[in-house]
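Biologist: Could you walk me through this model, and tell me what each term rests on?

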Protein chains: 2
Amino acid sequence: MRLTRRQQEILDFIHRRLKRDGLPPTRAEIVEHFGFRSPNAAQCHLQALADRGAIRLLAGTARGIVPIESSSAEQVAVQAMRLPVIGRVTAGTPILAVENHEDELAVDREAFSPNPDYALKVQGDSMINAGILDGDLLLVHRPPQARSGQIVVARLGDEVTVKRLRRRGRGIWLEAENPRYKTLQVNAGSEFSIEGLGVGVVRKRMD
Amino acid sequence: MRLTRRQQEILDFIHRRLKRDGLPPTRAEIVEHFGFRSPNAAQCHLQALADRGAIRLLAGTARGIVPIESSSAEQVAVQAMRLPVIGRVTAGTPILAVENHEDELAVDREAFSPNPDYALKVQGDSMINAGILDGDLLLVHRPPQARSGQIVVARLGDEVTVKRLRRRGRGIWLEAENPRYKTLQVNAGSEFSIEGLGVGVVRKRMD
DNA sequence: CGTGGAACTGTATCAAATTTCAGTCCCGGT
DNA sequence: ACCGGGACTGAAATTTGATACAGTTCCACG
């Protein structure tokens, strides 16, 4: 079960406090930070986070909030790594082939979850309603465990595109986030693969 | 000043609990573990450890025991490019005031032009057509030389907002990039200032 | 011998923190 | 139109936890 936006904010806050103070926050501290007026607001969110498996709550324990490590996610020093930026993908080459590297981008991989492995320069406005514009860098996580509804980098024959993945039953669809583009269904037998999962966006210029 | 044998045992116990539970122990838990019969036994040891600089005690705070990293070569790695992340801006405070710092973000400042000075967590969807969504981090350059048509962080009284700046002749307008919001004109005499220029966007999660 | 520090016991008190109950409000889906 | 979930308000009960004060025991040291 996914977290709501608000729940994610609460979880982020818990992580920040843990990093800053070395202690999980109390309900009252959550209340203060978010401007709630009742400790129960915090309590409900924590309960929801616990129900969804994002944290463990120790009953009757002051500050008994223990975030659950989602995957490997060991926290070392924050490494700002240089990710390869992939622009045009030459037909017939693996996406990470050297000839596709166009640039490099220094980002904090740990700031994203799951951690990105490369950045893909998005061409076209087919994902405009997801807030992904032409020229944006989509940060991509490679091991492609993608669920329905997530934004993925997909390969169809020689074409590499960014789309929203939809699974229903046995079928797979690739949805654009722009009414001017049509959803395309992936038929079995077509040369199709999911190359990665979108985990973040970096836009280097505004206009 | 060196620690006594007993004090070292207490310190070790604190470390083990932190690793095992993710939380520092309470006085009562120390008492239980060592078989004391009075919470004051634990309290005295903690006070001694604090006096010797081995831990920091947060007064009046449940589990407020924070071991002090003696030296540990961890933090050496990065630096250089951590921008403060500003979330909710408390009314009446300068935007970069410490109480507004919510997090930090490691980015390559040089990748943006002009270089960003901080990141502002965008609230609301008023800039959705500019590809800036709720929760996005807007990278902001402080010296606010903004031309018409650029995206700026503006302050109107106590409110801090992200809008597109329009100058025409002597007039100044702040345009939302969302038809559901209306453009607002800045009248001379209103408490208005441009706090910075948007130079980039970082989105840390997709949904 | 006596003094002082370390290591406790025992008792209290009060603030910090958890937890529960009873609601309201809004929104999206059936 | 109704329902349920998410996101809260408000009040209150109860437990947890920190901390202060007054002692005791033991041992090392001058």
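Biologist: Where does B:Leu3 lie?

Modeller: B:Leu3 is in the segment before H1 of chain B; helices are DSSP runs of H or I with at least four residues, strands are E runs of at least two, and both are numbered from the N terminus. This is a predicted model, in which local features need pLDDT of at least 70 and side-chain atom pairs count only at pLDDT 80 or more, while totals for chains, interfaces and linings use all residues. Residues are numbered from 1 along each chain as its sequence is written, and chains are lettered from A and ligands numbered from 1 in the order in which they are written.

Biologist: Why is B:Leu3 called partly exposed?

Modeller: Because B:Leu3 has 15 other C-beta atoms within 10 Å. Buried takes 20 or more within 10 Å, exposed 12 or fewer, and partly exposed is in between, with C-beta atoms placed from the backbone.

Biologist: Which residues is B:Leu3 in contact with, leaving aside its neighbours within four places in sequence?

Modeller: They are B:Gln8, B:Leu11, B:Arg52 and B:Ala54; contact asks for C-beta atoms within 7 Å. B:Ala54 is 51 residues from B:Leu3 in sequence, and their C-alpha atoms are 8.6 Å apart in space.

Biologist: What makes H1(A) roughly perpendicular to H3(A)?

Modeller: Their axes come within 10 Å and cross at roughly 95°. Roughly perpendicular covers 65 to 115 degrees, with under 35 roughly parallel, over 145 roughly antiparallel and the rest oblique, so H1(A) counts as roughly perpendicular to H3(A). The axes are lines fitted to C-alpha atoms over the stretch in contact, and angles run from 0 to 180 degrees between N-to-C directions. H1(A) brings A:Arg6, A:Gln7, A:Ile10 and A:Leu11 to the contact, and H3(A) brings A:His45, A:Ala48 and A:Leu49.

Biologist: What makes a nonpolar core?

Modeller: Buried Ala, Val, Leu, Ile, Met, Phe, Trp, Tyr and Cys residues, joined through C-beta atoms within 7 Å. The largest has 64 residues, and B:Leu138 is one of those touching the most other members. A second, separate core of 9 residues includes A:Ile10 and A:Leu49.

Conventions
Contact = placed C-beta atoms within 7 Å.
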